[in-house]
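Work through these exercises with the structure open. Try each task before reading its solution.

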Amino acid sequence: MIRPELWGSLRQKYEEDRPRRMLSLDGGGIRGLITLGILESMEKMLREATGAGGNFRLGEWFDYIGGTSTGAILTAGLARGMSVAELIEFYVSTGPEMFEKSHLLKRFWNLYNADPLRDKLRRVMNQPQKGDPKVVGDKDLDLSPDNLRCLLLIVTRNATTDSPWPVSSNPDAKYNKPDRKDCNLRIPLWRLVRASTAAPIYFPPEILNWDESDPGKSFVFVDGGMTPYNNPAFLLYRMATQEPYRLCWKTGEKSLLLISVGTGDAPNLGPSTEAPDTNLLGNAATIPAGLMNAMSIDQDLNCRMVGRCTHGSVIDRELLDLICRESEDDWTMERVSKVPGIPLERDLGRAFVYARYNADLSKQGLEAVGLGDLNPEEVRKLDAVKQIDNLLAIGRATGSEVSAEHFGAFLKPG
């Protein structure tokens, strides 16, 4: 049960005793445009299902949105009340400046000044939205409930303490108490997002001061993608339901929905058995990406096993897609795409309903959505600013997978 006095304008939304809906967005640089292409389809489907028309916002329909790195930009924008179209415009107009390699040397010599992302984020996160309280002067908006349309989770990494720091806007959370000098809710939203996006090489770290009276509460933050939570889906589930986080939402297939959206996936193939030692330096360079990919799959796998998966690509030939089907005979590569899952009307006792949308950036995956003329090596890059239109096209093609059937009864009012 929430403490109503702490929840401001969100009080009525979270006092309601109803099923809860969560959205998780992966990190991935400029490939956030793939996420946006998928969200565009989701927004359209939900707008039509709810009958809300042009006023529909994902940040108002979902109850808790979490994101890492580029996903943090998107989740913060949605939680502020922005539409998907507004976020697409932001990425298309600022992406080249944020990720263009010609800026990197300049940033190296001017680490704390030559960062175009800072000014862009500050402007877009402070941009007035419908329902905002009156802002006095140039005060930065923070994580207070009155500034958001839903609960927000942003994942970053505290390099000073060498630990992941998932920061939630839950007003009842331990470190969000208003009488604390280091209250999380007082951190400017744009600076927290900037901390989550501080990818090594591309951007300098962000220094945040949690308590101006205590120098020991100043920390150096880098990209949240440098944690196990570049895909924060299962983390979001834990923080919404487990007692230490003080939200304690009910679990169950009729009580909790979790939608996870990625920024595209494709394996970086290593050496063959005929030449196992080929280009050892090149192989070593793929280790960070390989670890991030493995951890992302693990988050997805946890969600599919603990939750009730309604949609998702095949993980491997043993596990397949983990969508529950009637017969063991259906658990084969040949039949998995042809046999539908057990209808959601039959409760199987899982902790939540779950769907995962993610683009396949392999040659075969791009061909499958009619984009086989694209170069997989180019669209996989985190700084692929010359691929902006193509990335959005990939997201929109993947977005065709979004279906009301994956959401089940959660589409009903209330």
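**Exercise 1.** Describe how helix 2 and helix 4 cross.

*Solution.* Start with the axes. In this predicted model, those of helix 2 and helix 4 come within 9 Å and cross at roughly 40 degrees. Next, take the handedness. The crossing of helix 2 past helix 4 is right-handed. Then find the residues that touch. Helix 2 brings Gly32, Thr35, Leu36 and Leu39, which meet Thr70, Leu74 and Leu78 of helix 4. Last, sort them by class. This contact has 4 nonpolar and 3 polar residues, and no charged ones.

**Exercise 2.** Decide whether helix 2 is parallel or oblique to helix 14, and list the residues in contact.

*Solution.* Locate the two elements. Helix 2 covers residues 32–50, and helix 14 covers residues 388–399. Their axes lie 7 Å apart, at an angle of about 40 degrees. Helix 2 is therefore oblique to helix 14. The crossing of this pair is right-handed. Now go through the contact. On helix 2 it is made by Leu33, Ile34, Gly37, Ile38, Glu40 and Ser41. On helix 14 the partners are Ile388, Leu391, Leu392, Ile394, Gly395, Arg396, Thr398 and Gly399. By class, the contact of helix 2 with helix 14 holds 7 nonpolar, 5 polar and 2 charged residues.

**Exercise 3.** Work out how helix 4 is oriented relative to helix 8.

*Solution.* Find helix 4 at residues 70–80 and helix 8 at residues 189–196. Read the geometry: the angle is about 155 degrees, and the axes are 9 Å apart. Apply the cut-off: angles over 145 degrees count as roughly antiparallel. So helix 4 is roughly antiparallel to helix 8. Now pick out the contact. Helix 4 supplies Ala72, Ile73, Ala76 and Arg80, while helix 8 supplies Leu189, Val193 and Ser196. The contact of helix 4 with helix 8 has 5 nonpolar, 1 polar and 1 charged.

**Exercise 4.** Which residues that line the second largest pocket are the closest to its centre, and which strand gives the most to the lining?

*Solution.* Begin with the space. The second largest pocket holds about 480 Å³. Go to its lining, which is formed by 19 residues. Trp165, Pro166, Val167, Tyr175 and Asn184 are the closest to the centre. Now look for the strand. Strand 4, residues 163–168, gives the most to the lining, with 5 residues. End with the classes. The lining of this pocket has 12 nonpolar, 4 polar and 3 charged residues.

Key: Residues numbered from 1 in each chain as written. Predicted model: local features only at pLDDT ≥ 70, side-chain atom pairs only at ≥ 80, totals over all residues. Heavy atoms only, no water. Axes fitted to C-alpha atoms, helices over the stretch in contact; angles between N-to-C directions. Helix = DSSP H or I, 4+ residues; strand = E, 2+ residues; numbered from the N terminus. Parallel < 35°, antiparallel > 145°, perpendicular 65-115°, else oblique. Left-handed = near helix turned anticlockwise from the far one by under 90°. Contact = heavy atoms within 4.5 Å. Nonpolar A, V, L, I, M, F, W, Y, C, P; charged D, E, K, R; others polar. 1 Å grid on protein atoms, 1.4 Å probe; cavity = no way out; pocket = protein on both sides within 12 Å on 5 of 7 lines; lining within 4 Å. Points joined across faces, edges and corners; volume = space filled by probe spheres on them.
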